[in-house]
Structure formats: C-alpha cells, structure tokens
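Please read it beside the structure.

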Amino acid sequence: MAIQGQVFSAILDLLSPPGCAACDAPIGGRFVFCQACAEAVLESPRTRVAGVEVVAAGAYGGPLGDAVRRLKFSDRPDLARPLGELLRTAALRSRLKPDLVVPVPLHPGRLIERGYNQAALLARRVVRTVAAPLDLDGLVRIRSNGPQTNLNAAARAANVRGAFHVRGRLAFAGLHVLLVDDVVTTGATLSACATALFAAGAATVAMLAVARVE
Ligand SMILES: [Zn+2]
C-alpha cells in the first residue's frame, strides 16, 4: 500500500475505530458486531403501538442492548454510525417511505448534560436511505422527566404525557412522519410524540428504532 493510502486508512481508523459495537472486539470492514455478538442478536417483529407502526432492527437485550446503552450512557456517540447501519437495513427491508425524519427530542437540559441526542445522531444516518429530510426542531421536549428505567408501564405513560410539543400549529399537516429513537420500551414516549404529531396534522407516524423491548 502506498504511504498516502496508509495515512488515509489510519485517519479513517482514528475517526471510527473498527470494533464490535457491543464488546469492542476488533472487527473488519463494515461489520457492526463481532461474530459471537452478531449471533446473539434477535430479530424483532414489525408491530403497531398506539396507532404507530414500529420497525426495530432487533430485540432489546444481549449485545444490541449493550450497544445501545454504550451509545447513550458511555459517551460513545461514534456508535451511532454502526447502529445507524442497522437502522438503514431495517428501513430498506420495511420499505419505509416518509416525508420527514424526526428524532425523538431530548429535553435541552438533558442534551447539555449528555452533549448529544443519540436519536438525532441515528436519524442523520437514515435520511439518505429513506430519501426524506431531517427535521431537528419541529418536535420539542418541553418537560424533563426522570429516567424511565425504573418505572412500570402506567408510570412511564404518566411521566411523558404532554412532555412533547410541536413548534407551529399544523406544522406536520398531511405528512408521513418517521420518528427515530434508540429504544422502544413500553411505547409511552412513542405514544406521547405521536399524539403531538397527529395534533399537528401528521397523516401517519411510524417509528424506526434500534431495539425494541419485547
Ligand atoms: Zn462483540
């Protein structure tokens, strides 16, 4: 390999160190997981939650759960690239044809704390695949809630009800909106977002997530 080529590949490696998204085992090329992790990822069937079609790249848990938690809580925004590849594959398989891609927003306070919205990073990876523009500020989170992790389904729903707001009345009139998030758990967040989008005129709402809790 010419020196120039080596330098280029070294720079690429620095930008996106090739490692398994779940366990950092070295992997080559465009793989997301090492072989052992890849074999442990389970499919998630397409489903509907609160009138919203949900497409997930896989079932939450195992390596996929590890990868999502690392993206979110371990300051690993770089993992949006490989996990975005999983979203792109799921979007193509499901033939999603939205007018607009909208990441589930974080409350501004949480955004400052984390430094990035993982859902927005993921959404950026799919816009070209679904050939629709990204809308980063049409849907906003107006209420900050504690983490949903330790709440049951009813408490989660109460926790996020009214937490989302649409800028501009009928801002989504007639549009097929694709929401993007890292995980769909009980669907409480999804349902709260969908309520706000439908109230603003959205024709349909679908959700594309990396993982769904079965
Ligand atoms: Zn692995």
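1. Contact here means heavy atoms within 4.5 Å. Helices (H or I, at least four residues) and strands (E, at least two) are DSSP runs, numbered from the N terminus. The model is predicted, so local features need pLDDT of at least 70 and side-chain atom pairs count only at pLDDT 80 or more, while totals for chains, interfaces and linings use all residues. Residues are numbered from 1 along each chain as its sequence is written, and side-chain values use heavy atoms, with hydrogens and water left out.

2. Helix H3 (residues 62-73) meets H4 through Leu-64, Ala-67, Val-68 and Leu-71, and H4 answers with Ala-80, Leu-83 and Leu-86. The residues of this contact divide into 7 nonpolar, no polar and no charged (nonpolar: Ala, Val, Leu, Ile, Met, Phe, Trp, Tyr, Cys and Pro; charged: Asp, Glu, Lys and Arg; polar: the others, Gly among them).

3. The axes of H3 and H4 come within 10 Å and cross at roughly 130°. Axes are lines fitted to C-alpha atoms, for helices over the stretch in contact, and angles run from 0 to 180 degrees between N-to-C directions. H3 is therefore oblique to H4 (under 35 degrees is roughly parallel, over 145 roughly antiparallel, 65 to 115 roughly perpendicular, and the rest oblique). The crossing of H3 and H4 is left-handed, meaning that the near helix is turned anticlockwise from the far one by less than a right angle; clockwise is right-handed.

4. H4 also packs on helix H6 (residues 118-130), at an angle of about 40° with the axes 8 Å apart, which makes H4 oblique to H6. Residues of H4 in this contact include Leu-83, Gly-84 and Leu-87; H6 contributes, among others, Leu-121, Leu-122 and Val-126. By class, the contact has 9 nonpolar, 2 polar and 3 charged residues. The crossing of H4 and H6 is right-handed.

5. What lines the second largest pocket? The lining has 17 residues, with Glu-43, Ala-56, Ala-57, Ala-90 and Arg-93 nearest the centre. Strand S2 (52-59) and helix H4 (80-93) are the elements that give two or more residues to this lining. By class, the lining has 10 nonpolar, 4 polar and 3 charged residues. (On a 1 Å grid over the protein atoms alone, a pocket is an open set of points where a 1.4 Å probe fits, with protein on both sides within 12 Å along at least five of seven lines; lining residues have an atom within 4 Å of a point.)
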